[in-house]
Amino acid sequence: MQEQEQEFAENLDDKFSEELIQAKEDQMLFNEIMQSGLLYSRAGRDALGVRLQPQRRESSKVRRNEKCPCNSGLKYKKCCGLN
Ligand SMILES: [Zn+2]
């Protein structure tokens, strides 16, 4: 029982740090878009719109920083995860 609780806590830690990293990346992307003026282009608005949507839990099976399952060799967030 003790071990399970510890494992649970560790998983929770992983999850938190992953979300912290993600939040930081989002902030960086936002700054990038603002600075580049991309915000006024369609691509910029789309990128921002996608990022500002609440995360959908059913798509969280694929981690955004891992390789895309379509074998493009890109990270999921740079590939199918864009939409
Ligand atoms: Zn893909």
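Reader: What share of the contacts between residues at least 6 apart in sequence join residues at least 24 apart?

Author: Start with the term: two residues are in contact if their C-beta atoms, placed from the backbone, lie within 7 Å. Among contacts in the protein chain between residues at least 6 apart in sequence, 9% join residues at least 24 apart. Keep in mind that this is a predicted model, where local features need pLDDT of at least 70, side-chain atom pairs count only at pLDDT 80 or more, and totals for chains, interfaces and linings use all residues. Residues are numbered from 1 along each chain as its sequence is written.

Reader: How many helices and strands does the protein chain have?

Author: Helices (H or I, at least four residues) and strands (E, at least two) are DSSP runs, numbered from the N terminus. Here the protein chain has 2 helices and 0 strands.

Reader: How far apart are the end C-alpha atoms of helix H1?

Author: The expected span of a helix is 1.5 Å times one less than its number of residues. For the 35 residues of H1 (residues 2–36) that gives 51 Å, and the end C-alpha atoms are 51 Å apart, so the two agree. Just after H1, Gly37 has a positive phi of about 80 degrees.

Reader: Is H1 buried or in the open?

Author: A residue is buried if 20 or more other C-beta atoms lie within 10 Å of its own, exposed if 12 or fewer, and partly exposed in between; the C-beta atoms are placed from the backbone. In H1 the number of buried residues is 0, so the helix lies largely in the open. Across the 83 residues of the protein chain, 0% count as buried.

Reader: What does Cys79 touch?

Author: Cys79 sits in the segment after helix H2 (42–52). Not counting residues up to four places away in sequence, Cys79 touches Cys68, Cys70, Ser72 and Leu74. The C-alpha atoms of Cys79 and Cys68 are 6.7 Å apart. Cys79 counts as partly exposed because it has 16 C-beta neighbours inside 10 Å.

Reader: And which phi does Asn71 have?

Author: Most residues other than glycine have a negative phi. Asn71 is not a glycine, yet its phi is positive, about 65 degrees. With 8 C-beta neighbours inside 10 Å, Asn71 counts as exposed.
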